[in-house]
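Here is a short report on one protein model. Look over the sequence and structure first, then read on.

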Amino acid sequence: MEKIQFTREATVAGTYDVVVCGGGPAGFIAAIAAAREGARTALVEQYGFLGGAATNSLVTPLSVFTYNGEKVIGGIPWEFLERLEKMGGGLIEKPLGNVAFDPELYKLCCQRMVLEAGIDLYLHSWLSGCQTAQGRISHVFIENKNGTEALAAKVFVDATGDADLAHFAGVPMLPADRPLQPASTYFVLAGVDTGSPRIAEAMHHNKQGVNCHCLPIREELIRHAEEWGIPDFGGPWFCTLLHPGVVAVNMTRTQTDACDNRDFTAAECRLREDVYKMANVLRDHFPEFRNCHVSMVAPQAGVRETRRIRGVHVISGEEYVNGVRYPDSVSRGAHPIDIHAASGATQQVTFLKQPAYVPYRALVAAGFPNLLVAGRCISADRQAFASLRVQASCMGMGQAAGVAAAQAVQGKTEVNVLQLDTDRLASRLREIGACL
């Protein structure tokens, strides 16, 4: 493939204590946490709104915040849920603590909390690279309507989901398990009979130890897959968006690598076709959907699995399932280990007996003294990751990364996140409500 070289100047748009890349569940929580701890903080997001998978991919519900009757993810993430619920945009489903939400009010609640914290917000800005020396990042480069800009910081947090900043910086990645879990495009159906007992039960995900897919409809779809021309699918999972007659649907799936532009482009095109195939199948064959129509397709497919860093510690599935509590535990996880088949309609689900733990060492990589990661970038094997990738866990990791970043810069000119006092970090996390 032909290559060309070019040079470009970048205006330094800001200098900060902490720059967080990615405004999804890990990123916006990390930014708020860092700013509230006194760090001058910037948040970079490629879309014109915050929320990540919840708002650009419509991934609902947010799960899992409580388990075995106890809160697992607390602090700033729980404050966000309570504020969202007070706005009329969230429903905390008890006892499991899955959270149904209105995506538009979710965007607004994120925005308010970020701006209230005094964070400089760079929306419509695509991370395109970074400048490094001996593993230390001095600047990140972003692309937007102003051209190429640079942001300087003492500490950077990669909450991009795909570990983009870590990749640009040269952080070693864990080997990918092929094929990757599939991507799925959520879509919203209006005109659904949400008063139907079958749909009313399916769209509330509040049962611990139960896969909340709509089993009666799934069985019919499998039975008639060839006859009805049904492509690969999962679930289906039907999710309330808190408005009568409106349901978010999670059932499309296709194999792809979302870090390969051409591959992901083709996958998005396939999934958009499949949305309408699935909507037609539901409308033609199930009475609850007889009068429905597609009112929205998620702007981006939901991505389950791409790059993960090789951190100082790699969380193993065995550790995770057994609830190993590390000396540097900074967050928790309680979602089932949930591995979707890249093709077909199958799914492997392992429910946890007790909530698991996340060590600080899984948020940092050896040789990279001013970089933290949070969310899907986490250092974990495939089994542990298949639980930790969900939004409640990502928020908890973001909170830990944000507080850690702020502590790392306090009173220091030469920052080293690898030498952070994790006892002090855990103590502060407990003070702000984290459940450790």
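Which residues is glutamine 181 in contact with, leaving aside its neighbours within four places in sequence?

## Basis

This is a predicted model, where local features need pLDDT of at least 70, side-chain atom pairs count only at pLDDT 80 or more, and totals for chains, interfaces and linings use all residues. Residues are numbered from 1 along each chain as its sequence is written, and side-chain values use heavy atoms, with hydrogens and water left out.

## Glutamine 181

Beyond those sequence neighbours, glutamine 181 is in contact with Arg304, Glu305, Asp338, Ile339, His340, Arg382, Ala386 and Arg389. Contact means heavy atoms within 4.5 Å. The side chain of glutamine 181 reaches the backbone nitrogen of histidine 340 at 2.9 Å.

Glutamine 181 lies in the loop between α5 (164-169) and β11 (187-190). Helices (H or I, at least four residues) and strands (E, at least two) are DSSP runs, numbered from the N terminus. Glutamine 181 counts as buried because its relative accessibility is 2%. Buried means under 20% relative accessible area, exposed over 50%, partly exposed in between (1.4 Å probe, protein chains only).

## Nonpolar cores

The largest nonpolar core has 82 residues. Phe28, Phe80, Tyr106, Ile315, Tyr360 and Leu372 touch the most other members. Helix α12 (residues 391-409) supplies the largest share of this core, 12 residues. Another core, of 26 residues, lies apart from it and includes Cys214 and Val247. A nonpolar core is a set of buried Ala, Val, Leu, Ile, Met, Phe, Trp, Tyr and Cys residues joined through side-chain atoms within 4.5 Å.

Phenylalanine 80 is in contact with Phe28, Tyr106, Cys109, Cys110, Met113 and Met395, leaving aside neighbours within four places in sequence.

Notes. A polar contact is a pair of N or O atoms within 3.5 Å; within protein, one must be able to donate a hydrogen and the other to accept it, and residues adjacent in sequence count only if both atoms are side-chain atoms.
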